[in-house]
Amino acid sequence: MENILKIKDLTVTIGGKEVLSDVDLTLLPGKISAIVGESGSGKTMMSLAILDLLPDVAARISGEILFRGKNIFDMDNKEKQNMRGNSISMVFQEPFTALNPVMRVGEQITETIAAHKIISEEKIQGCLKGLLKMVKLSEDIASCYPHELSGGMRQRIMLAIALSCDPEILILDEPTTALDVSVQKEILDLVMGIQKERCFSILFITHDFSIVNMVADEVHVMKNGRVIEKGAKEIIFKSPENEYTRHLIDCIPKLGDERERLPESE
Amino acid sequence: MKRYIAKRLLLIIPMLIGISFIMFTVMHLAPGDTASIKYGMNPEVSGSARANFDKMYDLDKPVLVQYGLWVKRLISLDFGSSLIDDQAVMAKITSRLPATLLLQIISLFIIFLIAVPIGVISAVKRNSFFDRIMTIFVFIGYATPSFWLALLLILFFGFKLGWLPISGMSPWYTAYLDSFDRTKDLIAHLVLPVVATAFGSLAALSRYSRSSVIEVMNENYVLTARAKGLSSSRIVTAHILKNALLSIITIMGLSLPALISGSFIFETIFAWPGMGRLGYEAIMNYDYPVVMGVGVIATFLTLIGIFLSDIAYAFVDPRIRVGGEK
């Protein structure tokens, strides 16, 4: 199968410190790749690099990120804008700060559509309704400001923004870390449900191996800016080669029916 | 929101009392007295006549008692009358206030109109040539004593080039002009006082705008906006500006006192027939009722200005306008 995103020898230095070293990663269409590692391992830097959103003053980048065979570092601003939010979109970790506090959430969704599609205002409003329905929010939420919504609702809004232009790749950067456990599950189920329907690829960034277990096809384990182990989920879970990977897997809380849930998620 | 407004309005009263008390005390602490100014070295006026004058206006009583009497009169909105020419203080102020308001509002408008765009462009194009030039300009703006700048402006544009009138607002001949020429003449008279008044605040506010825009640019929601693929102009106008305006509005409110106190200096330098010059002359004459009247009105205007900027803040920020934080 042809890859949709290929990262080759990506090295990023910020302020003299190497935050990513020789990272290689391949994402296949319709597949879910998880990037696992503790905080500071460079996961978020990688997701920002894919959209070329690293702080341009501080960051020195070498290597290639190929989206459909084209290096994103060779794209001009216009091409990058067209790619962001349209072909590749992203949901950030912190739903409390990721939305503009002085703009109604409906407009924050529609402005993304307006930026990428040339369609009438009426159709945009139609899209908005569809998107809110898809993330299981009621229509009147659109006229709310972010501070009126709970964390889970805000993350649904973020998801609606990310999916508003039917992206080919969705980057989820710890999308559930800031939420409590029951809301986490709701959001994960929601994302996975939509992914099954629409078959986009997901790059799922997390520190939590139990989530990896639930969602991923492929796993990349990162430590100190390097990918130290990668492979299909089943293989990594059954026979992790790296000590660190084994350690992370051991961190999964083994409570109650954890063992029964394992096969179900396959 | 209504409660918030009511609370803010009520807060003005204790502030006015406190500020007026300090003004009253400080004013009486200054050496000198009204009678010596009014009658000077006139040998016809005897020492007992001076004492009578003091007695007539309660100037012989302790300061606290005088303050009490002043407040009592103020409650019925009686500001008293000038010790020098016996005109009612309120009438004196109302005849001068429009000139001051005209000067201040235009200055404020120009400060806002120039400083905010400078700040925003400097922040968006950080470390660019424009930003560097503006940094130098801001340093100069901060460092220049504005009364000195006013004098230089008069010297250069008034005398050397002879382009602009250097003092007054509407000289005698304006009575003979039609309304178009009169406006033109008024504008010409406004240029130098407005430039002098606006210069210092312009530097401060543009610097402040720059830093608040930079602060907003580092917010997560700006990253979200970029990740959405919005154009940079859309990101600046729809996401950065509105949030940065929140803190800029507050600073605008807080810069009012500087403007009002500046009016004392600039109206005197430019012979502008406004309240500031009235206050300055009253201070020089130990004309206590007029000083207090001008002081109270200036304080009141400042407090109202700050109040309005708070309301504007609430209006821009939905977190205050729409319900509480969840």
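I began with the second largest cavity, which holds about 30 Å³ of space. For me a cavity is a set of points on a 1 Å grid over the protein atoms alone where a 1.4 Å probe fits but cannot get out, and lining residues have an atom within 4 Å of a point. I joined grid points across faces, edges and corners, and a volume is the space filled by probe spheres set on the points.

I noted that this is a predicted model, in which local features need pLDDT of at least 70 and side-chain atom pairs count only at pLDDT 80 or more, while totals for chains, interfaces and linings use all residues. Residues are numbered from 1 along each chain as its sequence is written, chains are lettered from A and ligands numbered from 1 in the order in which they are written, and side-chain values use heavy atoms, with hydrogens and water left out.

Which residues line the second largest cavity? I found B:I118, B:G119, B:S122, B:M134, B:V138, B:S206, B:R207 and B:R210. In chain B, α5, α6 (129-143) and α8 (179-217) each give two or more residues to this lining. Helices here are DSSP runs (H or I, at least four residues), as are strands (E, at least two), numbered from the N terminus.

**The largest cavity**

I counted two cavities of 30 Å³ or more in the structure. The largest cavity has a volume of about 50 Å³. Its lining draws on both chains, including A:F92, A:M158, B:T224 and B:A227. α5(A) gives the most to this lining, with three residues. By class I wrote down six nonpolar, three polar and one charged; Ala, Val, Leu, Ile, Met, Phe, Trp, Tyr, Cys and Pro count as nonpolar, Asp, Glu, Lys and Arg as charged, and the others, Gly among them, as polar.

**The largest pocket**

A pocket is an open set of points with protein on both sides within 12 Å along at least five of seven lines. The largest pocket has a volume of about 1,400 Å³. Of its 42 lining residues, A:L53, A:L54, A:P55, A:D56 and B:R226 are the closest to its centre. α10(B) gives the most to the lining of this pocket, with five residues. I sorted the lining into 22 nonpolar, ten polar and ten charged residues.

**Where the chains meet**

B:R226, B:A227 and B:K228 supply 24% of the area that chain B buries against chain A, more than any other three residues.

I found three salt bridges across this interface, each a side-chain nitrogen of Lys or Arg within 4 Å of a carboxyl oxygen of Asp or Glu. One of them joins A:E111 to B:R234, with the closest N and O atoms 2.7 Å apart.

Definitions and conventions. Buried area = accessible area lost by both parts, 1.4 Å probe.
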